[in-house]
Amino acid sequence: MMDVVYTIGNFGKHGDGFELRYSLRSLAEQDWVRNIYILGNCPDFIKNVKHIPCPDHYRKSKDANIINKVLMACSYDVSDDFIVNSDDHYILKKIDREELGPWLENSNVKEQALKKRFSSTWALRLIETENWCKKNGYHGGIFQSHIPYVVNKTKYQRIMCSVPWAQDNGLLTHVYQMIECPEAEIEPEGFTVRIHEQLTNIKTVDSMLEKATFPNHNDNVTSTAMKDGLIQRYRKKKKSA
């Protein structure tokens, strides 16, 4: 049994909390879920979770705020191994612990990042993370961070307290895996699907969701069709949301 820790941002408008509601519902059939912690903003309708308020100190780096929240969770009574999750990450099938990875990205995200290095702060953080790891003799691969992933409480505290994750533009959250998991394998083909655009056709949404175990989406692409697709899968109301 493992706890699940959600790191939710506090900046800006959070809308109706749809993503978090259905991300929580997607956990309902997983046998390994014990307690659910929400660090950061927690909508009033969420029940039966442990809420820990946590401010966002780093306006330039979303990743630094996530790392800070995970470190804070480590100081509470979370399970020794726990899951870090985001409100736009879902699980479509019943899975085993081993399917949570860690996995290396199987796409050309590095090449895409290099092309956008002067226009994307995420790309800059990716490059800085890789450079720092290589300089210090760690794994240079890009880990899949768009799905729920496992961290060990003791190791996370030890590793992240020795890493300058908030310097400059900030390092990416998967710097932990780059240090801790040098033997990770590439994720299985079609394991995740990342939705980058507004989808208006429910059949398109169904097709994309049907192919993946872990779908996720960019900010501001929760279209009506996307919502309807998730509602159909998690229609039954669950105990947390």
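This is a predicted model: local features need pLDDT of at least 70, side-chain atom pairs count only at pLDDT 80 or more; totals for chains, interfaces and linings use all residues.
Where is the place of His174?

Figure 1. Five strands form an open sheet of mixed pairing, in the order β3-β2-β1-β4-β6. The edge strands, β3 (50-52) and β6, each pair on one side only. Direction ignored, neighbouring strands are turned against each other by 30° on average. Strands of a sheet pair through backbone hydrogen bonds, either parallel or antiparallel. Here, β4 and β6 run antiparallel and are joined by four bridges. Within this pairing, Ile83 has Val150 of β6 as its bridge partner.

**Figure 2. Helices α1 and α2 against the sheet.** Helix α1 (residues 18-25) packs on the sheet and touches β1, β2 and β4. The direction of α1 makes about 170° with that of β1. Helix α2 also packs on the sheet, with contacts to β1, β2, β3, β4 and β6. For α2, the angle with the direction of β1 is about 145°.

Figure 3. Among the buried residues are Asp63, Asn65, Asn68 and Lys69, together with Ile66, Ile67, Val70 and Leu71. Their cover includes β1 (2-8), β2, β4, α4, β6 and α5. The end C-alpha atoms of α2 are 19 Å apart, which agrees with the 18 Å that 13 residues should span at 1.5 Å a residue.

**Figure 4. The largest nonpolar core.** This core has 32 residues, of which Phe82, Val151, Tyr156, Met160, Val163, Trp165 and Val175 touch the most other members. Two or more residues come from each of β2 (33-40), α2 (62-74), β4 (81-85), α4 (121-135), β6 (149-152), α5 (153-160) and α6 (175-180). The largest share, seven residues, belongs to α2. Beyond its neighbours within four places in sequence, Val175 is in contact with Thr129, Trp132, Cys133, Met160 and Val163. A second, separate core of 22 residues includes Leu27, Val33, Ile95 and Phe191.

Figure 5. His174 lies in the loop between α5 and α6. Its relative accessibility is 3%, and His174 therefore counts as buried, the cut-off being under 20%. Not counting residues up to four places away in sequence, His174 touches Leu126, Thr129, Ile142, Phe143 and Ser145. Thr129 is also in contact with Val175.

Terms used: Residues are numbered from 1 along each chain as its sequence is written. Side-chain values use heavy atoms; hydrogens and water are left out. A nonpolar core is a set of buried Ala, Val, Leu, Ile, Met, Phe, Trp, Tyr and Cys residues joined through side-chain atoms within 4.5 Å. Buried means under 20% relative accessible area, exposed over 50%, partly exposed in between (1.4 Å probe, protein chains only). Contact means heavy atoms within 4.5 Å. The expected span of a helix is 1.5 Å times one less than its number of residues. Two strands pair if DSSP finds at least two bridges between them. Axes are lines fitted to C-alpha atoms, for helices over the stretch in contact, and angles run from 0 to 180 degrees between N-to-C directions.
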